[in-house]
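Let's take a walk through a protein model, one stop at a time.

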Amino acid sequence: MAWNVFKFCTALRALGSIMIVLVLGIIGVTYYVIVVANYGPALFHGGLDSFVALLVLVLFHSLLVMLLWSYFTTVLTDPGGVPPNWRPSIDEESGDADPLVGLAHEGGRCILKMDHHCVWVVNCVGALNYKYFLLFLFYTFLVTTLVTSSLLLQFLSFFTVDEKNGTPETLVATFVTFVLNLSFALSIMGFLIMHISLVLGNTTTIEAFEKKSNPKWHYDLGRRKNFEQVFGTDKRYWFIPAYSEEDLECMPVLQGFEYPTRPDLDELQQF
């Protein structure tokens, strides 16, 4: 019998709760360094310093709102599950009949268009929250890039200036914030590029491994339609964690649509 890794999901959820606190902690330290310690006071310096500080603070707060909105929408949105009464007639990989029989008794759950389980959001990433997860990555990359750029001069001053302005606590927080945000920006950039390529190919991280043995991916509808499968057709909603009413009507899976009988596999993969 195959080893069922999904029985460890409870442990992953417990770890994820800690990760949420960690995420909020990093955001809190970053907020303190950017707003309280550096660019908040710079608003009162006058001249170009005040203008730059205002620009950084407006951008930072705007992107931070979008980051938090996307993050908590990903955390709180059910990724979507295959209806309980649905069973595949055969496992495409192993050829075993009814491979999902008994899975519910082992604590498993089938996620519709599952990409992966993310401990950072204490949730699986699937059909109903994949867009929100991608927006979370996107805005996290923008925020971390902005923070890294904004703190670059302060970071370089650690190695070039003998007398440093600020308390020891502020200097340490600034140094740590720069290093953390630079690390996240670089790692998330690669992760974001990978997921953009997956979206344009109408596939997931799990399905990408299947494509290696099956070069002709019959769910590829073309880059534009593949993108709309995740982000919808209304351009006004592409960069916010929500869907328009029109897209909700055209994408039944977003309304919690349940198949009354075994669906055609092609239809199931489209949503």
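**Starting at a histidine**

Leaving aside residues up to four places away in sequence, His116 touches Cys124, Val125, Phe133, Phe191 and His195. Before going on, keep in mind that this is a predicted model. You'll find His116 in strand 1. Is His116 buried or exposed? With a relative accessibility of 18%, His116 counts as buried, because the cut-off for buried is under 20%. Now look for Thr205, which sits 89 residues away from His116 in sequence. In space, the two are 6.9 Å apart, going from C-alpha to C-alpha.

Stay around strand 1 for a moment. The loop between strand 1 (116-118) and strand 2 (123-125) holds Val122. What is the phi of Val122? Phi is near 50° here, a positive value in a residue other than glycine. Val122 is also buried, at 18% relative accessible area.

Another residue to look up is Asn202, in the loop between helix 5 and helix 6 (205-213). Asn202 isn't a glycine either, yet its phi is positive, at about 55°. Asn202 has a relative accessibility of 4%, so it counts as buried.

Next, let's turn to the helices. Two packed helices are described by the angle between their axes and the distance between the axes. The crossing of helix 3 past helix 5 is left-handed. What kinds of residues make up this contact? There are 17 nonpolar and 7 polar residues, and no charged ones.

Helix 5 has another partner to check out, helix 4. Helix 4 and helix 5 pack at about 115°, with 10 Å between their axes, and their crossing is left-handed. Which residues meet there? From helix 4 come Leu152, Gln154, Phe155, Phe158 and Phe159, and from helix 5 come Leu171, Thr174, Phe175, Phe178 and Val179. Sort the residues of this contact by class and you get 8 nonpolar, 2 polar and no charged.

Helix 4 leads us on to a pocket. The second largest pocket has a volume of about 500 Å³. It is lined by 19 residues, and those nearest its centre are Asn38, Leu153, Gln154, Ser157 and Asn165. Helix 1 (9-42), helix 3, helix 4 (152-160) and helix 5 are the elements that give two or more residues to this lining. Which element gives the most? That's helix 4, with 5 residues. The lining of this pocket has 7 nonpolar, 10 polar and 2 charged residues. Notice that Gln154 has turned up in two places: in the contact of helix 4 with helix 5, and around the centre of the second largest pocket.

For the last stop, find Leu24 in helix 1. Leu24 is partly exposed, with a relative accessible area of 39%. Leu24 touches Leu68 and Phe72, if you don't count residues up to four places away in sequence. How far apart are Leu24 and Leu68? In sequence they are separated by 44 residues, and in space by 9.3 Å, C-alpha to C-alpha.

How values were computed: Residues numbered from 1 in each chain as written. Predicted model: local features only at pLDDT ≥ 70, side-chain atom pairs only at ≥ 80, totals over all residues. Heavy atoms only, no water. Left-handed = near helix turned anticlockwise from the far one by under 90°. Helix = DSSP H or I, 4+ residues; strand = E, 2+ residues; numbered from the N terminus. Nonpolar A, V, L, I, M, F, W, Y, C, P; charged D, E, K, R; others polar. 1 Å grid on protein atoms, 1.4 Å probe; cavity = no way out; pocket = protein on both sides within 12 Å on 5 of 7 lines; lining within 4 Å. Points joined across faces, edges and corners; volume = space filled by probe spheres on them. Buried < 20%, exposed > 50% of the residue type's maximum accessible area, 1.4 Å probe, protein only. Contact = heavy atoms within 4.5 Å. Axes fitted to C-alpha atoms, helices over the stretch in contact; angles between N-to-C directions.
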